[in-house]
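Please open the model in your viewer and keep a selection panel at hand.

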Amino acid sequence: MGKKILVINPGSTSTKLAVFENEKELWNENISHPSKEIEKFSKIIDQLEWREKIVKDQLKQNNFALDDFTAIVARGGMLDPIPGGTYKIDKKMIKDLENAKNGSHASNLAAIIAYDFAEKYNLKAYTLDPVGVDEFEDVARLSGLPEIPRKCQSHALNLKAIARLSADSIGEEMEEINQIGVHLGGGISIAALKNGRIVDVNNANQGGPYSPERVGTLPSLDLVEYIFENNPDENEFKKRMLGKGGLAAYLDTNDGREIEKRIKNGDQKAKLVYDGMIYQIAKEIGSMSAVLNGDVDLIFITGGLANSEYIIDKLKNKISYIADLKIYPGAEEMNHLAKGALRVLQGNEEVLDYDTERTKMKEKINVL
């Protein structure tokens, strides 16, 4: 008998849903939320009841009943540092997400919704490869200032999903090869994957290339001086750095398609800024090659900007000497979530315990 799995993936301005029976996708829906709707809520956790109703209504409209499912799998929220894998959603995990212990993001709602439904309908509830996946080697944690270590946060869900796909495309297992994974979206994550583990990655919120919305790495002393001289409001300044930086700061838009139209029409500033982002992406890829000692089997590029021929062509010119390049536009998150739950349900993968794994990780990190 098939395992029917509900996948829940809330984003800042959307809620993605899908239903799988084993590996076959039966249905998917991407519900967009206008900014006026989102702005009604002062905090993300306040959206919980509203988002739950959206999920229930969509399932009902498409003739799915919650008690028909074997399991629900949710996008991982901002959890404590833990290794990649599939985790049982439990009360300790929910408490951290409800309290936004590691940050507030719409993805935090996914596991809470899954847990609520699972408790009510006696279902299994899982999450996997959340933002806080931490597989750093110790040397990667050093920043130059002991009080501020480097933190492993990334688009781990999509990076792991595409790493499996790209390895399979050459007849290998993800765990048997080295890859550089490049996620190009509103934020940019560029990771060194050694035998499937993310051993180094730029934190898309705090460093690396600037992106359509985020500032990337800034000159540290100049940033300190700017803050002390201008005394910006903390929350507003963070919003600017994470949502109105990068392309948006220079060009008043985060839409790559619009910028490429400007470039075609001869806009030299647009070309310089866009090329600057590509330049920084290529530099970060080169850095990750050094992390892997040049032993790179594949480079893959994924995310929305992977649809851009302009970006891909320019990157090829700069990085093709490192390894073969594979392009996977968009994201494979929904399929990856369903497959992770299915591996556990079929007994092919051990389900992990959040509290156990975070305790082991905390002990490891505290050694430094």
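Is Q47 buried or exposed? Select Q47: with a relative accessible area of 4%, this residue is buried, where buried means under 20% relative accessible area, exposed means over 50%, and partly exposed lies in between (1.4 Å probe, protein chains only). Q47 sits in the loop between α1 (35-38) and α2 (48-61); helices (H or I, at least four residues) and strands (E, at least two) are DSSP runs, numbered from the N terminus. Leaving out residues up to four places away in sequence, Q47 touches I38, F41 and L109, a contact being heavy atoms within 4.5 Å.

Before moving on, note that this is a predicted model, in which local features need pLDDT of at least 70 and side-chain atom pairs count only at pLDDT 80 or more, while totals for chains, interfaces and linings use all residues. Residues are numbered from 1 along each chain as its sequence is written, and side-chain values use heavy atoms, with hydrogens and water left out.

**The whole chain**

Now display the complete protein as a cartoon. It contains 13 helices and 11 strands. Its radius of gyration, taken over C-alpha atoms, is 20 Å, close to the 21 Å of the globule rule for 368 residues, so the protein is as compact as a globular protein of that length; the rule is 2.2 Å times the number of residues to the power 0.38. The C-alpha trace spans about 55 × 50 × 45 Å along its principal axes. Of the 368 residues, 49% count as buried. Among contacts with a separation of 6 or more, 69% are made by residues 24 or more positions apart.

**The nonpolar cores**

Next, select L6, L59, F69, I72 and I89. Within the largest nonpolar core, which has 37 residues, these touch the most other members. A nonpolar core is a set of buried Ala, Val, Leu, Ile, Met, Phe, Trp, Tyr and Cys residues joined through side-chain atoms within 4.5 Å. Colour the elements that each supply at least two residues of this core: β1 (4-10), β2 (14-21), β3 (24-32), α2, β4 (71-75), α3 (91-98) and α4. The largest contribution, nine residues, comes from α4.

Centre the view on I72. Apart from neighbours within four places in sequence, I72 is in contact with L6, I8, L66, A114, F117, A118, L123, K124, A125 and Y126. Then move to a second, separate core of 33 residues, which includes Y210, Y274, M277 and L305.

Most residues other than glycine have a negative phi. N122 lies in the loop between α4 (108-121) and β6 (124-128) and is exposed, with a relative accessible area of 71%. Then select D129, whose phi is also positive, near 45°. D129 is found in the loop between β6 and α5 (156-169), but D129 is buried, at a relative accessible area of 6%.

**A last stop on helix α9**

Where does R262 lie? Select helix α9 (residues 256-264), which holds R262. This arginine is partly exposed, with a relative accessible area of 23%. Not counting residues up to four places away in sequence, R262 touches L251, T253, D267 and A270. To finish, draw a C-alpha to C-alpha distance from R262 to K244: the two are 18 residues apart in sequence and 19 Å apart in space.
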